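Please keep the sequence and the structure in view while reading.

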Amino acid sequence: SNPAFLFSFGMLRIARVSALLPSLRLNIFARHIKIAMASPDLFFLDGFAMRQFTDPTYQGTRIAMDPSEFCAAVNQRCNTESELKDGYAPFCKHVFVENFVGATCPVVELTEATVPLVTSAYKARTEKELPVLTRWIPADRIEAPTAKYLDVILYSRAQIVEEHQAMGDGSEVPDMPWGIISVKAQMESFETPMQPITMLRNALGKAEGGSGVPLDRVKYQASVDYWSAHVPIA
C-alpha cells in the first residue's frame, strides 16, 4: 500500500462528507419543522364533558385530573386522525387509550348480587335538558374495578357549534377539529352501546340536547340487549 495515496484518499472522503454536512443538517431541520407543523392538537375539551371532572354526583366515569392536563395527555397519545375510530354518525369518532388516570369502570353486570343494589330516579344531564328515568348502583354500595381503557368520545367542531347554537349556548368553541364530549372508562378497547335513552334523546334533536341522528332500530335493540344485562355505578 502507498501511504501517500491512502492519506490523499482519506482526505478526499473527509472533504466530501464535510461538504454534505450542511445539507444533511438542513434536511433534518426541515423534517423536524414538517413534523411539528403536521402535528397540532386535534382535541379540545367541550364544556359538556366538564361534569366528569367537577360533578361528584355524575353517573358515569369521573376523572380525578385537571381538565386541561387531561386534554393535553390525550393529544400526546393521539396526534393523527388516522388513529380515530368511527362512531355512530359521521361527526362522531372515538380514540381508545390506556387508562392513565386510574378511573374505575362505571358499569357492572346485573347479577343476583347486584340487582338488590339498584336504585332509580328522574335525572337530567344538564339544566337545559328534560329529566328522564335513570337507574344505577350508588358508588358507596359496590366496589368498582379499575378500568383497562378510556373510550374518549369525540364530536366534530362543526357539530358542537350546531348543538351549542340550538341550545342557546353562546360559549366560544376552540378552533380545533375535534371536541371531547365524553370519556368512558371500560374493560373493552372498542365501543360499547350507548344507553337507549341517549339514542332516543339524539333522535329528538339538538333543541332537546340530542345530536339529531335518527333512531336506528337495530342499534337500539343492541343497546337494549347490552343494558338489560348491565347497570351504571354512580
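## Lys219 and helix α6

Lys219 is found in helix α6, in what is a predicted model rather than an experimental one. Lys219 is partly exposed, its relative accessible area being 43%, and, once residues up to four places away in sequence are set aside, Lys219 touches Tyr88 and Met199. Between Lys219 and Pro196, which stand 23 residues apart in sequence, the C-alpha to C-alpha separation is 9.2 Å.

Helix α6 spans residues 217-227, and within it Ser223, Tyr226 and Trp227 are buried. These residues cover an arc of only 85° around the axis, and therefore lie on the same side of α6. The face turned away from that buried side carries Arg217 and Val218, which are exposed. The packing partners of the buried residues of α6 are β4 (107-109), β6 (132-136), α5 (196-204) and β9 (230-232). At the N-terminal end, α6 is capped by Asp216, a side-chain oxygen of which lies 3.0 Å from the backbone nitrogen of Val218.

## Helix α5

In α5 the buried residues are Pro196, Met199, Arg201 and Asn202, and the elements that cover the buried residues of this helix include β6 and α6. After α5 comes Gly205, with a positive phi near 110°.

## Helix α4

Helix α4 covers residues 157-166, with Gln159, Ile160, Glu163 and His164 buried. Seen down the helix axis, the buried residues of α4 fall within an arc of 135°, so they line one face of the helix. Ala158 and Gln165, on the other side of α4, are exposed. The buried residues of α4 pack against β1, β7 and β8, and the helix is followed by Gly168, whose phi is positive, near 70°.

In soluble globular proteins, nonpolar side chains tend to be buried together. The largest nonpolar core here has 24 residues, of which Phe43, Phe70, Val95, Leu150, Val152, Leu154 and Ile180 touch the most other members. Two or more residues of this core come from each of β1 (43-45), α3 (67-77), β3, β7 (149-156) and β8 (178-186), and β8 gives the largest share, four residues.

Which residues does Ile180 contact, leaving aside its neighbours within four places in sequence? Ile180 is in contact with Phe43, Phe44, Leu45, Asp46 and Ala49, with Phe70, Cys71 and Val74, and with Val152, Ile153 and Leu154.

The side chains of Lys93 and Asp86 are joined by a polar contact of 2.4 Å. Neighbours within four places in sequence aside, the contacts of Lys93 are Leu84, Lys85, Asp86, Gly87, Val152, Ile153, Leu154 and Trp178.

Gln52 belongs to helix α2, residues 51-54, and is buried with a relative accessible area of 1%. A polar contact of 3.4 Å links the side chains of Gln52 and Ser182. Beyond its neighbours within four places in sequence, Gln52 is in contact with Tyr58, Thr61, Arg62, Ile63, Ile181, Ser182 and Val183.

## The protein as a whole and the confidence of the model

The secondary structure of the protein amounts to six helices and nine strands, and buried residues account for 36% of its 234 residues. Of the contacts between residues at least 6 apart in sequence, 72% join residues at least 24 apart. The accessible surface is about 14,100 Å², with 58% of it belonging to carbon and sulfur atoms.

The average pLDDT of the protein is 87, and 83% of the residues score at least 70. Over residues 28-38, however, the pLDDT is below 50, and this stretch has zero contacts in the model beyond near neighbours in sequence. Where pLDDT is low, the predicted coordinates should not be read in detail.

Terms used: Residues numbered from 1 in each chain as written. Predicted model: local features only at pLDDT ≥ 70, side-chain atom pairs only at ≥ 80, totals over all residues. Heavy atoms only, no water. Polar contact = N/O pair within 3.5 Å; in protein donor to acceptor, adjacent residues only side chain to side chain. Contact = heavy atoms within 4.5 Å. Buried < 20%, exposed > 50% of the residue type's maximum accessible area, 1.4 Å probe, protein only. Areas by Shrake-Rupley, 256 points an atom, 1.4 Å probe, with all protein chains shown as cover. Core = buried A, V, L, I, M, F, W, Y, C linked by side-chain atoms within 4.5 Å. Arc of directions from axis to C-beta. pLDDT = per-residue confidence, 0-100.
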